[in-house]
Every structure is written in C-alpha cells, then in structure tokens.
Amino acid sequence: MKKKYIKVAIDSPAGAGAGTQSKLISKHYKLFYLDTGKIYRVLAYNKLKNKKIFNLSFIKKKIKNLRINELSDKKLLSNEVGIESSLIAKDKKIRKLVDKLQKKIAYNPPKGFNGSCLDGRDITYKIIPDADFKFFLTANINIRAKRRYKELKRINKKIKFSDVLKSIKKRDKNDFQRKVSPLKKTKDSILIDTTNLTIKSCFLKIKKIIDRKIYN
Ligand code: C5P
C-alpha cells in the first residue's frame with residue numbers, strides 16, 4: 001500500500017448497509033471503525049432512561065467518559081432508541097459536542113490502525129470533509145426496512161414489519177429534512193445503491209474503488 005493512512009467517510013439512510021460495509025472495509029484495510037450513530041443512540045438511551053437528568057452538562061460528561069465498547073451494547077439497537085436518536089440529532093448544541101469526539105477519532109485513530117472509517121449522516125461533508133474516500137450508500141425503502149426488521153427480530157421476537165417500516169420513514173424524514181447537518185449526498189461522494197447487491201458484491205465494488213486509488 002502506497003498511502004499508509006487513509007480516511008473513509010460513508011453517509012447513508014438507515015438500513016442501506018453502511019454499517020456492514022464499514023466493518024468489512026475497516027477489517028480489510030485495518031482501519032479504526034466508528035459507527036457514529038451509536039453515539040447519538042447512547043445519548044438517546046440515557047434520555048429515555050431518565051429525562052430529568054438529560055441536559056447539556058450530563059451530555060458533556062457522558063461524551064467525555066464514553067468508552068468505545070459501550071457502543072456495541074445491544075440495548076442501543078431498539079426502534080425506540082433509533083427514533084429518539086434522530087430527534088436528539090437535530091439539536092445543534094448536542095451535535096457540536098458529538099462532532100468534536102467524532103473528528104478526534106477520525107483524525108487520530110488508535111495506534112496500529114492504517115486510518116479510520118466512519119459512517120453516519122454528515123461524515124462526508126462535516127466530520128471528514130477531506131476524506132480520501134467518500135461513499136453515499138442507499139437502497140429502496142422496503143429493502144432497508146426488511147434488513148432492519150431481520151436484525152431487530154433477533155433481539156425482539158414480537159417486532160412487527162409495519163412498525164419498522166414506519167420508524168425508518170420517520171427517521172428518513174428527520175434526517176433528510178432537518179436544518180442542522182441533514183443527510184445528503186455530496187457531489188464528491190460515490191453513490192452506491194445496495195438494493196440489488198449482496199454484501200459481498202457491494203464490498204467488492206467498494207474495494208475496487210479504494211484499491212484503484214491506493215495502489216496507483
Ligand atoms: O446510524 P444509526 O441508524 O444508528 O443512527 C441513529 C440516528 O442518529 C440517525 O437516524 C440520525 O438521526 C442520527 N445520526 C446523525 N448523524 C450521524 C449519525 C447518526 O444525525 N453522523
């Protein structure tokens with residue numbers, strides 16, 4: 001590899017496959033992976049647990065003391081936490097605090113990694129505007145809801161497809177239409193529609209794009 005340190009930025013609506021692909025990219029190129037949505041989810045989970053203590057000073061403290069392994073807690077995956085996180089994510093002050101942490105990780109990944117890979121909603125233009133690779137992943141809404149339904153069914157047997165579809169629609173609306181850092185495809189991002197792609201074929205497509213640049 002000619003260029004040792006690389007930054008990959010991926011934006012996408014929920015269920016488009018960004019998390020899966022980011023993990024594969026990170027593993028293959030030995031990049032530090034950060035699922036930025038999980039930070040909003042940690043905050044949302046805490047808000048749902050106790051609304052009374054959820055203020056800016058609590059949030060600051062929570063972000064400061066956040067441990068990376070906290071982000072893989074299964075309780076963050078629920079539909080309720082997902083919707084609440086998209087509401088929290090509209091708050092300018094909260095975003096400012098979260099942005100700072102994300103940038104720190106993107107530009108200073110832990111030792112031993114060849115760079116970083118972040119996925120979220122505003123990574124390509126706000127968090128890593130100078131990323132070496134920018135992707136916008138998307139897919140048909142029914143397919144996205146089906147994928148999310150399958151994931152959620154594993155942790156909640158009673159979950160209904162119609163509820164998952166409804167919550168994806170709600171989150172899309174919140175994320176695409178908000179004033180602060182809306183989800184959008186930037187001109188310099190490569191669009192990948194994952195509707196008819198398998199996990200492997202999508203990864204190979206992304207790998208081809210990355211390899212072409214780093215090995216030339
Ligand atoms: O990616 P995930 O679905 O876990 O994200 C949860 C919510 O967090 C999103 O619906 C979005 O509102 C918010 N988010 C964001 N900016 C990011 C990542 C996530 O606003 N960079």
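## The shell around the ligand

Three helices, α2 (37–49), α4 (79–88) and α8 (161–177), each give at least two residues to the shell around the ligand. Helix α2 has the largest share of that shell, with 3 residues. Keep in mind that this is a predicted model. Sorted by class, the shell holds 7 charged, 5 polar and 3 nonpolar residues.

Which residues come nearest to the ligand? Of the 15 around it, they are Arg 41, Arg 95, Arg 171, Asp 175 and Arg 178. For Arg 41, an N or O atom of the side chain is 2.6 Å from a ligand oxygen. For Arg 178, a polar side-chain atom lies 2.9 Å from a ligand oxygen. How much of the ligand does the protein bury? The ligand taken alone exposes 450 Å², and 94% of that is buried by the protein.

## Arg 178 and its loop

Let's stay with Arg 178 for a moment. This residue is placed in the loop between α8 and β5. Is Arg 178 buried or exposed? Its relative accessibility is 6%, so Arg 178 counts as buried, the cut-off for buried being under 20%. Besides the ligand oxygen at 2.9 Å, the side chain of Arg 178 reaches the backbone oxygen of Val 180 at 2.8 Å. Setting aside residues up to four places away in sequence, Arg 178 touches Ala 89, Lys 90, Arg 95, Arg 121 and Lys 173. Arg 95, listed there as a contact, is also among the residues that come nearest to the ligand.

Ser 181 is found in that loop too, between α8 and β5 (190–193). Its phi is positive, about 40 degrees, although Ser 181 is not a glycine. Ser 181 counts as buried because its relative accessibility is 6%.

Most residues other than glycine have a negative phi. Lys 30 sits in the loop between α1 (18–29) and β2. With 47% relative accessibility, Lys 30 counts as partly exposed.

## Helix α4 under cover

Helix α4, one of the helices that supply the ligand shell, is mostly covered, with 8 of its 10 residues buried. The buried ones are Asn 79, Val 81, Gly 82, Ile 83, Glu 84, Ser 85, Ser 86 and Ile 88. The cover over these residues includes α2, α5, α7 (141–155) and α8.

## Asp 172 on helix α8

Helix α8 also carries Asp 172. Asp 172 is buried, since its relative accessible area is 11%. What does its side chain meet? The side chain of Asp 172 makes a polar contact with that of Arg 144, at 2.7 Å. Beyond residues up to four places away in sequence, Asp 172 touches Pro 13, Ala 14, Ile 141, Arg 144 and Gln 177.

In soluble globular proteins, nonpolar side chains tend to be buried together. Here, the largest nonpolar core has 28 residues, and Leu 43 and Ile 128 have the most contacts inside it. At least two residues of this core come from each of β2 (32–35), α2, α3 (56–64), α4, α5 (92–107) and α6 (123–127). There is also a second, separate core of 19 residues, which includes Ile 6, Val 8, Ile 209 and Ile 210.

Which residues surround Ile 128? Leaving out neighbours within four places in sequence, Ile 128 is in contact with Lys 7, Val 8, Ala 9, Ala 106, Tyr 107, Leu 118, Ile 123 and Lys 134. Val 8, one of these contacts, belongs to the second core.

## Tyr 107 beside Ile 128

Tyr 107 lies in helix α5 and counts as partly exposed because its relative accessibility is 31%. With neighbours within four places in sequence left aside, Tyr 107 contacts Tyr 5, Lys 7, Ile 127, Ile 128, Pro 129 and Asp 130. Tyr 107 and Ile 127 are 20 residues apart in sequence, and their C-alpha atoms are 9.6 Å apart in space.

Notes: Residues numbered from 1 in each chain as written. Predicted model: local features only at pLDDT ≥ 70, side-chain atom pairs only at ≥ 80, totals over all residues. Heavy atoms only, no water. Near = heavy atom within 4 Å. Polar contact = N/O pair within 3.5 Å; in protein donor to acceptor, adjacent residues only side chain to side chain. Areas by Shrake-Rupley, 256 points an atom, 1.4 Å probe, with all protein chains shown as cover. Helix = DSSP H or I, 4+ residues; strand = E, 2+ residues; numbered from the N terminus. Nonpolar A, V, L, I, M, F, W, Y, C, P; charged D, E, K, R; others polar. Core = buried A, V, L, I, M, F, W, Y, C linked by side-chain atoms within 4.5 Å. Buried < 20%, exposed > 50% of the residue type's maximum accessible area, 1.4 Å probe, protein only. Contact = heavy atoms within 4.5 Å.
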